[in-house]
Amino acid sequence: MVDAPISHPAEDGDEATLLLDHLNEVAKRAEYVVSADATTIGGDPLTEMTAIVARCHDFGKATTWFQEYVVDERDTSKRTNHSLFGAYLGYYVLDRLGYDSEDCLAAFVALAKHHGRLPDTEEYVEKVSRFDNTSEASNERQRILVEQVANVDDHRREFARSFVSDATDGNGSWDEFAEEVDEEDDSLFETVYEHVSMFGFGNDRSAPSDEFYELLLQLWSGLILADKTVAAGIEDGNLDASEPDARTLSEYIADLGGDTDEDSQEDALDTLRDEARDDVLNGVEQFRDSDTSIATLTLPTGMGKTLTGLNAALALRSENKRVVYALPFTSVIDQVADELTDVFDTDARDDLLTIHHHLAETVTKLGDPDDDPDEHARLAEMVAESWRSGMTLTTFVQLFESLVGPSNTQSMKLPALYDSVIVLDEPQALPMEWWKLVRRITTILTEEYDATIIAMTATQPAANDEDAASQALFDDAFELVNDVDRYFDHFERVEYDIHDSVLAFDDTDATVDYETAGRTILNETGETESVLAICNTIDSATELTDAIEEREAVVDVGRCLELELDDDGANVDALVKRVEATLGSNERALVHLSTRLRPHDRLVLIEATKRLTERDVPLVAVSTQLIEAGVDISFDRVYRDIAPIDSVVQAAGRCNRSFERDRGIVTLWWLAPPAGTTKTPAQAVYDSEGVSTISLTSRTLDAIGANDGTVAERTMTREAVQHYYGLVAGRNPGSPQYVEWVDEAKADELGTLSLIGQRESVDVIVCRTDADRELVDAMESAVREFDYDAFGNRRDEAKDITVSLPIYSQDSSEAETARHLEPLGDTDLRVLRRPQGTSYFDTTKGLAVDEPSVDDRFL
C-alpha cells in the first residue's frame with residue numbers, strides 16, 4: 001500500500017491520484033460551477049459550502065479496504081462503499097463551522113447520494129441514522145460506518161487529524177468525530193436522527209423551509225458535476241461556453257425577406273415581423289426594470305417567434321451566461337436546430353450550441369479525438385449533456401424532468417442554469433397535471449438559479465379576467481409585446497369552418513367516418529391545392545391515409561423516398577424531382593407523417609413537403625400533431641380533428657401562413673373511432689387526465705357563437721383562446737401532491753414523474769440501406785466484445801433510424817410485434833434488418849403493427 005491514500009489508480013502511464021489532491025480539485029471545481037451569488041438557507045455563500053461538501057465527499061476512501069480495492073484490485077465490498085462516511089463527516093464539519101442545521105442536513109443527503117439518485121429525505125435519513133442496536137440487519141450500514149471510522153483511526157489517524165482540523169478551521173477534530181460516531185449515547189447517529197425527526201417533513205411542519213429541496217438540488221448537482229468532470233480529467237476551459245453573438249442573429253434577421261416584392265402581402269408580413277422584433281426588444285428593456293423574472297411573448301403563428309424569442313434571450317443574457325431553448329416535441333426540434341446552425345454557422349457539436357434530446361447525438365468536441373476516440377467520445381458526451389455550451393436546444397422532458405427528480409447524470413446540467421435565460425416555446429403543451437409543479441419549478445429557477453424565463457406562444461395560457469395579473473400557467477408574467485392585439489388584428493389569414501360533427505359534440509353518432517373524411521377532403525379541395533389533415537392518433541392518421549389512397553390517384557412520397565435512399569441517406573432535391581416527374585395530370589402527391597417513421601425519414605419528408613407546397617404541387621398531407629409546432633410549411637387548406645383550442649390555433653398556423661391566397665379555410669371536425677376501437681381519437685388523447693379539454697373546446701365554441709358554422713381568425717385566436725384558458729384556470733389545473741413532494745423533499749417520488757407518461761417502450765432500429773445494416777453489425781460486434789464505449793457511440797449514430805414503439809400492455813399488438821423482432825445482442829434494442837416485404841414496415845407509414853392500438857398515440 002502507498003504511504004498516502006489514493007482516490008484513483010494509475011492509468012495509461014499517469015500516476016495514481018492522491019486522495020487529498022482529488023478532494024481539493026473537486027472542491028475547487030465545485031466552487032467554479034456554482035454561482036458566486038447563490039446562498040444557503042442560512043445565508044452563507046453557496047460556493048463556500050459546496051467546496052466544503054466536496055472536500056468531504058470521498059474521505060471514506062482512506063480505509064484500508066478501499067485502498068486494497070483501488071491499489072491491489074481487490075473485489076469491492078460493503079466496506080469499500082464510502083458515501084455514507086462522507087455524509088457523516090460533512091455533517092460534522094459543517095456543524096462545527098456553524099452552518100444552519102438545514103444546510104447540514106441537505107449536505108448529508110447530497111454526500112450520501114453522490115453516486116446515486118436523491119431519495120425521499122425523511123425516510124432515507126431515518127434509515128441510515130436510527131441506531132437502536134436491536135437488529136444487526138437493520139443497522140448494517142451504521143455498523144459498517146463505525147468499522148470504517150475505526151479503520152481510518154487505526155491506519156490513517158494523522159492524515160485524518162490534519163484533514164478534519166483544516167476542514168473545520170480548528171473548530172473540530174478527528175478524535176471528536178471518531179468518538180461521536182462510536183458513542184452509545186449522544187452519538188452522531190442520534191444527532192442526525194433527532195434532526196430529521198424534529199423537522200417532521202409534513203404539511204404542518206415548521207421546518208425545514210421550502211428552500212430545503214432547492215438547496216439539496218444545488219449541492220448534489222454541483223458536487224456530481226465537479227466530481228465526475230475532475231475524475232474524467234476535463235479542464236475548466238472545457239466547461240466554459242462560447243458566447244453567441246447577438247449581432248450575428250441581427251444580421252441574419254436583417255437579410256430575411258430581401259427578395260420579396262415591394263408592396264406585396266409577403267413584404268407587408270416581413271415589415272410586421274420587423275416591427276414585432278423591435279417591439280419585443282423594447283419590451284426587454286422594460287422587463288429588465290420590472291420586479292419579475294418571467295416574461296411572456298405572445299405573437300401570432302407565422303410571425304417568426306423562434307428568431308424573435310432568441311433575439312430577446314440574447315438581449316437578456318448576461319456575459320458568460322447561457323441560453324436554453326426548450327420545445328415540447330422531439331419531432332420538431334431538428335427543424336429549429338437547422339435554423340440555429342445556419343444562423344451561427346455551427347455544427348452543434350461545439351461550445352456554442354448543443355442539441356440535447358433522446359434521439360440526438362449530443363456531444364461537445366474536446367481537443368483531438370484521434371488521441372483516444374472512444375474516451376474522447378465519452379467525455380464529449382459528458383460535457384454536452386451538462387449543457388456547458390453557450391446555447392442548448394432541448395425538450396421540456398430534458399429540462400423539467402432534470403429539475404424535478406433527476407437521475408445522477410441528469411443532475412449535471414443544473415449548474416449550467418445559473419443566471420441563464422430559458423425560452424419555453426409553446427409552454428401550454430405541458431401536461432396540465434404538471435402545471436402547479438411547473439410554477440413551483442420556475443420559482444426555483446428564478447429565485448435560486450437567478451434564471452430568466454421567456455414563455456413564447458400564440459396561445460398564451462392566461463386567466464380569463466382581463467384585469468388579473470395572474471396567469472393560468474405563470475404568475476405575474478411581463479408581456480414583452482406592447483400591443484398584442486395589434487399583431488393579431490393584422491392576421492386574418494384563415495376562416496374557421498366548424499363542422500356539424502363538432503357542433504353536435506358528445507353525440508358519437510355525429511362523428512365523421514374515414515371514408516367520408518377522405519372523400520370530403522378530395523372533393524372540397526381542387527387538384528392544384530395543398531391540403532393538410534391533422535389527426536389525434538397514429539391509427540387515425542393511418543386509416544385516413546388509406547381512405548385517401550383508395551379514392552384518388554396519388555403519388556406516394558414515402559414510396560418515392562424508398563427509391564431515393566442510399567447509404568448517404570436521401571437527397572431532398574432528388575426526391576422532389578422524382579415526385580414531380582411521377583405525377584400525372586390528374587394526380588396529387590400524398591405524404592403521411594407520424595412518429596412511426598424513422599426520424600431521418602420524417603425530416604426528409606417534411607422538407608420535401610415544404611418544397612412541394614412552395615412549388616404549387618398538388619399535395620395532401622396526413623399527419624399527427626407533430627406538424628403543429630415549429631414546422632414552417634404553409635397549406636392552402638387544413639382539416640383538424642377536434643382538440644384543445646390551442647392545438648386548433650396551432651394547426652391553423654399551417655394554413656395560408658404567408659398570405660399566399662386571400663383566405664385559407666381551416667375545418668374543425670370530429671373523426672370517428674378507427675376500426676377495432678371504441679373511443680374517438682379525441683377522447684382517447686384529451687380525456688385521459690381527468691379534465692376533458694375537448695369538452696372545454698366545445699363550450700368555448702358555443703361561447704364565441706360558432707353555431708353558425710364559421711369563426712373569424714381574430715375571434716378564435718383571441719376571444720376563444722382567452723375564454724378557453726379561463727375555463728382551464730377555473731379548474732385549477734395541476735396536481736398539488738407534486739408540489740408537496742418538492743416541499744417535503746420526496747425526490748424518489750418526484751423521480752417517478754414523467755412528462756410523457758409512464759409506459760414501457762421498445763426502440764427498434766429500422767435498416768433501409770446497407771450502411772444501416774453495417775452500423776447494426778458494428779453495434780453487435782461491440783456488444784460481443786464488451787466494448788461499451790464503442791457500442792454507445794454507434795448507438796448515438798443509430799438514433800435517427802430508430803423508432804420508439806410504445807408498449808401499453810403485454811398482450812397488445814405492439815408488444816407482440818416487439819417480441820417477434822430480432823434482438824440486438826443482449827440489449828433491449830430490436831432490429832428490423834430488411835423491412836421491405838415484411839408485415840412490420842410500410843414505406844408510407846413506417847414501422848407497423850398487425851393491429852394498431854388506439855393507445856398508440858402521438859408523443
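Colleague: Is Asp 345 buried or exposed?
Modeller: Asp 345 is exposed, with a relative accessible area of 73%. Buried means under 20% relative accessible area, exposed over 50%, and partly exposed is in between (1.4 Å probe, protein chains only). This is a predicted model, so local features need pLDDT of at least 70 and side-chain atom pairs count only at pLDDT 80 or more, while totals for chains, interfaces and linings use all residues. Residues are numbered from 1 along each chain as its sequence is written, and side-chain values use heavy atoms, with hydrogens and water left out.

Colleague: Where is Asp 345 found?
Modeller: Asp 345 is in the loop between α15 (330–344) and β5 (353–356). Those labels are DSSP runs numbered from the N terminus: helices are H or I with at least four residues, strands E with at least two.

Colleague: What's the phi of Asp 345?
Modeller: Positive, about 50°, although Asp 345 is not a glycine. Asp 345 also sits 9.6 Å from Thr 248 in space, C-alpha to C-alpha, with the two 97 residues apart in sequence.

Colleague: And what about Asp 169, what's its phi?
Modeller: Asp 169 has a phi near 55°, a positive value in a residue other than glycine. Asp 169 is in the loop between α8 (157–167) and α9 (174–182). Asp 169 is exposed, with a relative accessible area of 62%.

Colleague: OK, helices now. At what angle do α4 and α7 cross?
Modeller: The axes of α4 (residues 83–96) and α7 (residues 140–155) cross at roughly 75° and come within 10 Å. That makes α4 roughly perpendicular to α7. Axes here are lines fitted to C-alpha atoms, for helices over the stretch in contact, with angles from 0 to 180 degrees between N-to-C directions. Under 35 degrees counts as roughly parallel, over 145 as roughly antiparallel, 65 to 115 as roughly perpendicular, and the rest as oblique.

Colleague: Which residues make that contact between α4 and α7?
Modeller: From α4 you have Leu 84, Phe 85 and Tyr 88, and from α7 Arg 141, Leu 145, Gln 148, Val 149 and Val 152. Contact means heavy atoms within 4.5 Å. By class, the contact of α4 with α7 has six nonpolar residues, one polar and one charged. Ala, Val, Leu, Ile, Met, Phe, Trp, Tyr, Cys and Pro count as nonpolar, Asp, Glu, Lys and Arg as charged, and the others, Gly among them, as polar.

Colleague: How about α2 and α5, what's the crossing angle?
Modeller: Roughly 40°, with the axes of α2 (residues 46–56) and α5 (residues 101–112) coming within 11 Å. The two helices, α2 and α5, are therefore oblique to each other. The crossing of α2 past α5 is right-handed. A crossing is left-handed if the near helix is turned anticlockwise from the far one by less than a right angle, and right-handed if clockwise.

Colleague: Which residues of α2 and α5 make the contact?
Modeller: Met 49, Val 53 and Cys 56 of α2, with Asp 103, Ala 107 and Leu 111 of α5. That contact of α2 with α5 divides into five nonpolar, no polar and one charged.

Colleague: One further along: which residues of α23 and α25 meet?
Modeller: Val 557, Gly 558 and Leu 561 in α23 meet Asp 601, Val 604, Leu 605 and Leu 612 in α25. The contact of α23 with α25 has five nonpolar, one polar and one charged residues. The axes of α23 (residues 557–564) and α25 (residues 599–614) come within 11 Å and cross at roughly 115°, and the crossing is right-handed.

Colleague: Switching to strands, how many residues of β3 are buried?
Modeller: Five of its five, so to speak the mostly covered case, for β3 (residues 294–298). Ile 294, Thr 296 and Thr 298 point one way from β3, and Ala 295 and Leu 297 the other way.

Colleague: What does β3 pair with?
Modeller: Five bridges join β3 to β8 (residues 452–457), running parallel, and Ile 294 stands opposite Ile 453 in β8. With β9 (residues 478–479), β3 pairs in the parallel sense over two bridges, and Thr 296 stands opposite Glu 479. Two strands pair if DSSP finds at least two bridges between them.

Colleague: Last one: what's the strand order in the open sheet of four strands?
Modeller: The order is β19-β18-β21-β20, with mixed pairing. At the edges stand β19 (802–807) and β20 (822–823), each with a single partner strand, so one side of each is left without a neighbour in the sheet. Three bridges join β18 (residues 760–766) to β21 (residues 830–832) in parallel, with Val 766 opposite Leu 832.
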